[in-house]
Amino acid sequence: MDEPQLAAQWARIRGRLQNEVGDVEYRSWLRQMTLVGVDGDEIVIHLTTRFLRDWVRNHYGDRLNALWQQENRQIRRVALRVGGDASQVGLAESLASEQSRVELADPAPVNGEAARPDGFGAPENRSFTFDRFVVGKPNEFAYACARRVAAQPACPGFNPLFLYGGVGLGKTHLMHAIAWELSTARPNGRPVSVAYMSAETFMYKFITAIRSQSTMEFKEQLRSVDVLMVDDLQFLIGKDNTQEEFFHTFNALVEAGKQIVVSADKSPSDLSGLEDRLRTRLNCGMVADLHATTYELRISILQAKAAPTGIDVPHKVMELLAHRITSNVRELEGALNRLIAHANLFTRPVTMEMVQEVLHDILSARDRKVTIEEIQRRVAEHYNIRLTDMSSARRARAVARPRQIAMYLAKQLTSRSLPEIGRKFGNRDHTTVMHACSKVGELIERDPAFAEDVELLRRMLES
Ligand code: ADP
Ligand code: MG
């Protein structure tokens with residue numbers, strides 16, 4: 001069976017399911033399915049979490065089987081498995097194959113100083129490569145832009161490339177990845193010279209050059225590179241002379257057909273204190289932002305970082321980390337590394353108990369009394385529904401069930417009365433809350449997967 005054919009069948013099946021179950025239901029549960037391929041007479045579909053897999057199996061398993069059998073006679077069964085988001089891999093792969101990648105036989109030349117002018121930093125962190133960057137909705141655009149620049153520097157429309165986003169979202173990682181990629185390429189038979197530096201280093205070198213009266217040399221060096229990358233440009237704000245120097249370097253390089261890559265914590269338009277003419281130039285190329293991570297992306301990142309260590313990190317643990325450490329990938333990674341180091345050191349398996357023990361400080365720093373709003377937010381996020389649906393009148397199961405779970409948790413975790421809880425959920429009656437509590441209690445008894453999920457939510461909110 002060839003792939004395009006399968007993909008077309010899958011697209012038809014998805015379309016049909018979407019029609020049958022409606023948009024919301026589809027988006028909440030089914031959109032996350034990824035077709036992996038055929039295994040004998042089985043079609044293999046991945047879902048991102050165990051919970052989702054069980055849900056899809058229980059609610060749509062038969063329908064999926066029937067639809068596949070209708071579409072393709074060779075298929076006897078649908079196998080739902082838990083796996084990474086293959087669409088991300090797909091994107092990475094298609095982008096990778098788009099460019100003919102120069103594989104590096106010997107990594108030594110990457111650091112070959114011949115490739116770049118003296119005194120300019122080569123990216124030193126070898127783990128900041130494209131293949132170690134986990135791609136998801138929040139960063140796929142920035143990632144694609146970075147790959148494009150790495151494949152084809154100084155391509156019109158992508159020069160300068162301006163990457164921006166909050167702390168720890170991967171700006172430096174992407175810049176290093178571009179630099180690595182370029183330092184292995186030899187488009188015209190000669191190496192591309194890349195200068196990567198933080199804005200602070202730029203300033204430091206500039207000031208030192210002024211002091212030692214070697215600004216001409218400094219300028220020449222900078223203007224001789226093929227690609228200039230300046231990380232954390234926001235540090236140049238208020239440093240007028242350095243900004244001015246950067247502006248001239250920038251212009252000289254762009255005019256000479258060289259590539260510029262810049263990162264900052266805000267967009268050019270929002271970087272107040274930036275000279276207007278520099279702002280204008282920065283806005284001329286491609287501006288790409290790294291959005292805050294989503295829960296799904298955080299899980300994927302944890303999976304990607306845990307896999308090569310050979311330590312088995314239970315999904316529950318990853319879920320807890322992804323729920324609790326939300327703002328910064330560096331911190332998320334740090335927490336995971338601590339668990340792995342601990343597991344290695346004491347040859348102990350990673351467990352929820354270990355998390356409490358080893359990450360006590362990180363997790364307790366975030367401790368506070370749980371509020372109903374917090375419960376609503378977490379539950380909505382977990383089930384991928386809108387926060388407003390917690391108080392809306394909509395009764396579709398895909399929103400009604402999470403709403404009931406949130407009511408149940410509000411009753412369990414706060415000291416609010418039933419009428420008070422009802423009011424927070426769109427002025428519902430206290431009997432509705434009571435009904436929700438008993439319904440959820442009943443489902444917990446009956447359905448272990450459901451119970452596990454509510455338990456996870458409870459623990460996250462509580463710990
Ligand atoms: P920034 O420069 O935006 O502050 P970094 O690039 O230094 O952030 O990223 C912080 C840490 O998080 C690094 O260790 C980086 O490898 C990691 N990281 C961030 N985003 C991702 C991602 N999408 N995939 C893998 N690692 C990531
Ligand atoms: Mg950085």
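Here is a short exchange about a predicted model of a protein chain with a ligand.

Residues are numbered from 1 along each chain as written, with chains lettered from A and ligands numbered from 1 in written order. In this predicted model, local features need pLDDT of at least 70, side-chain atom pairs need pLDDT 80 or more, and totals for chains, interfaces and linings use all residues, while side-chain values use heavy atoms without hydrogens or water.

Student: How many helices and strands does the protein chain have?

Tutor: Helices (H or I, at least four residues) and strands (E, at least two) are DSSP runs, numbered from the N terminus. Counted that way, the protein chain has 20 helices and 8 strands.

Student: What share of the 463 residues in the protein chain is buried?

Tutor: Buried means under 20% relative accessible area, exposed over 50%, and partly exposed in between, with a 1.4 Å probe and protein chains only. Among the 463 residues of the protein chain, the buried share is 50%.

Student: Which residues come nearest to ligand 1?

Tutor: A residue is near a molecule if one of its heavy atoms lies within 4 Å of it. There are 18 residues around ligand 1. They divide into 7 nonpolar, 6 polar and 5 charged. Those that come nearest are G168, T172, H173, R330 and E333.

Student: Which helices each supply at least two residues of the shell around ligand 1?

Tutor: Look at three stretches of the chain: 171-184, 295-306 and 329-345. They are helix 6, helix 11 and helix 13.

Student: How far is a polar side-chain atom of T172 from an oxygen atom of ligand 1?

Tutor: A polar contact is a pair of N or O atoms within 3.5 Å; within protein, one must be able to donate a hydrogen and the other to accept it, and residues adjacent in sequence count only if both atoms are side-chain atoms. A side-chain N or O atom of N139 is 3.3 Å from a nitrogen atom of ligand 1. A backbone N or O atom of L169 lies 3.2 Å from an oxygen atom of the ligand. For the T172 side chain and a ligand oxygen, the value is 2.7 Å.

Student: How much of the accessible area of ligand 1 does the protein cover?

Tutor: Accessible areas come from the Shrake-Rupley method with a 1.4 Å probe; for residues, only the protein chains shown count as cover. On its own, ligand 1 has 560 Å². The protein covers 94%.

Student: Is Q376 buried or exposed?

Tutor: Q376 lies in helix 16, residues 372-383. Contact means heavy atoms within 4.5 Å. Leaving out residues up to four places away in sequence, Q376 touches L387, M390, K424 and F425. Its relative accessibility is 8%, so Q376 is buried.

Student: Which residue in strand 2 is the bridge partner of L35?

Tutor: Two strands pair if DSSP finds at least two bridges between them. Strand 1 (34-39) and strand 2 (42-47) run antiparallel, joined by 5 bridges. In strand 2, the partner of L35 is I45.

Student: Which peptide bond is cis, with omega near 0°?

Tutor: Most peptide bonds are trans. P160 sits in the loop between helix 5 (140-151) and strand 4 (161-165). The cis bond runs from N159 to P160.

Student: What is the phi of N427 near?

Tutor: Most residues other than glycine have a negative phi. N427 is in the loop between helix 18 (418-424) and helix 19 (430-446). At 63% relative accessibility, N427 counts as exposed. Its phi is positive, near 55°.

How values were computed:
Ala, Val, Leu, Ile, Met, Phe, Trp, Tyr, Cys and Pro count as nonpolar, Asp, Glu, Lys and Arg as charged, and the others, Gly among them, as polar.
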